[in-house]
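The following paragraphs lead a new reader through a structure, one topic at a time. Please keep the sequence and the model in view while reading.

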Amino acid sequence: MSELSSGPGRALVAVYAVFTLSAGARSGVQLATGFDHAPVAYLLSAVAALIYLLATFALWTSRRRIALAAVGVELAGVLGIGLYSVLDPGSFPEPTVWSQFGAGYGYIPLILPVLGLWWLRRGAKEPANG
Amino acid sequence: MVGWLAGTMIALSLAAAVWFLVLSARDKPIQAVHLLAMAVLEVGLLVQVITAAVLLTGGHGPEGKGTFVGYLAGSLVVLPVGAFLGAGERSKWGSVAAGVACLTVPVVILRMQDLWSGTGV
């Protein structure tokens, strides 16, 4: 089994898979039912879903550089969108997974990339056996 | 949605999540009996999907059906994915992965109840 998805990485993959599913489903429904209603928020939802998908895939297949890029974009996204949505709430008529730093998802979107980076960094220093 | 069924599913999946996390704290991987428990939960979720589908076609349910149907479909995917990830990692972290899936189920059901009763976003 690939090293990034074994040990603690397996729990991380599970959380990323859940977020891929929820962000993907939400984005799919938003895009299908009313893209014109809030195109910016809906596009951001779609981007977030793709990032989660990419991170899940990269962790599962042990592609460290792709995982680092995806988790890095994820952290930048949740911080950037989080800050933007707090400073200018009017620009986000519809919630995205990253609005308010992921408050609607128990702030897990904020914690997850930090855990992801920790895992990727730790894995680089001491490659897991197996 | 059928209230008592949703409540039962929330309680059972929370119980399973606690079970799996205790298992992980004891440094153990999941076994066949845990996969069986997840399968039982999945059957319950399937019953919930069928009853909700019947109610929906009977004209009940939320106004914007799209999001609700999305959650409904998603509720069936979570546990199989969790079981697959959990069973493939023969350490305590496999138990955590399965526990994460079980913890997701009540969240999904609560969201569906919000949508169903019209208090959701």
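Predicted model: local features only at pLDDT ≥ 70, side-chain atom pairs only at ≥ 80, totals over all residues.

## A guided reading of chains A and B

Just after helix α2 of chain B, B:Gly59 takes a positive phi of about 90°.

Helix α2 of chain B runs over residues 32-57 and has 26 residues. From its first C-alpha to its last it reaches 37 Å, close to the 38 Å expected at 1.5 Å a residue. Among the buried residues of α2(B) are B:His34, B:Ala37, B:Met38, B:Leu41, B:Glu42 and B:Gly44. Further along, B:Leu45, B:Gln48, B:Val49, B:Ala52 and B:Leu56 are buried as well. What covers these residues includes α1 (3-25), α3 (65-88) and α4 (92-117) of chain B.

B:His34 is located in helix α2 of chain B and has a relative accessible area of 5%, so it is classed as buried, the limit being under 20%. Apart from its neighbours within four places in sequence, B:His34 is in contact with B:Trp19, B:Phe20 and B:Leu23. B:Gln48 also has its place in helix α2 of chain B. Its relative accessibility is 3%, and B:Gln48 therefore counts as buried. When neighbours within four places in sequence are left aside, the contacts of B:Gln48 are B:Met1, B:Leu5, B:Ala6, B:Met9, B:Ile109 and B:Met112.

The loop between α1 and α2 of chain B contains B:Asp27. This residue has a positive phi of about 65° although it is not a glycine. Most residues other than glycine have a negative phi. B:Asp27 is exposed, with a relative accessible area of 54%.

The counterpart topic in chain A is its own helix α2. Just after α2(A), A:Ser62 takes a positive phi of about 60°.

How many aromatic pairs does the structure hold over all chains? There are eight of them. In one of these pairs, the rings of A:Tyr16 and A:Tyr52 have their centres 6.1 Å apart and their planes at 50°, so the pair is tilted.

Because B:Phe68 lies in helix α3 of chain B and B:Trp116 in helix α4 of chain B, the pair ties together parts that are 48 residues apart in sequence. Both B:Phe68 and B:Trp116 are buried. Returning to chain A, ring pairs link A:Tyr16, A:Phe19, A:Tyr52, A:Trp98 and A:Tyr105 into a cluster.

Charged side chains form the next topic. Over all chains, the structure holds one salt bridge. In it, the side chains of A:Glu3 and A:Arg64 meet at 2.7 Å, N to O. The two residues belong to distant parts of the chain, 61 residues apart: A:Glu3 is in the segment before α1 of chain A, and A:Arg64 is in helix α3 (residues 64-87) of chain A. A:Glu3 counts as partly exposed at 26% relative accessibility, and A:Arg64 counts as partly exposed at 22%.

A nonpolar surface patch of about 410 Å² is made by A:Tyr107, A:Ile111, A:Leu115 and A:Trp118. A:Tyr107 has its place in the loop between α3 and α4 of chain A, where its phi is positive, near 60°, in a residue other than glycine. At 43% relative accessibility, A:Tyr107 counts as partly exposed. A:Ile111 is found in helix α4 (residues 108-125) of chain A and is also partly exposed, with a relative accessible area of 45%.

Terms used
Residues numbered from 1 in each chain as written. Chains lettered and ligands numbered in written order. Heavy atoms only, no water. Helix = DSSP H or I, 4+ residues; strand = E, 2+ residues; numbered from the N terminus. Expected span 1.5 Å × (residues − 1). Buried < 20%, exposed > 50% of the residue type's maximum accessible area, 1.4 Å probe, protein only. Contact = heavy atoms within 4.5 Å. Phe/Tyr/Trp six-rings, centres within 6.5 Å; stacked < 30°, edge-to-face > 60°. Patch = residues over 30% accessible without salt bridge, like charges linked within 9 Å, V, L, I, M, F, W, Y side chains within 5 Å. Areas by Shrake-Rupley, 256 points an atom, 1.4 Å probe, with all protein chains shown as cover. Salt bridge = Lys/Arg side-chain N within 4 Å of Asp/Glu carboxyl O.
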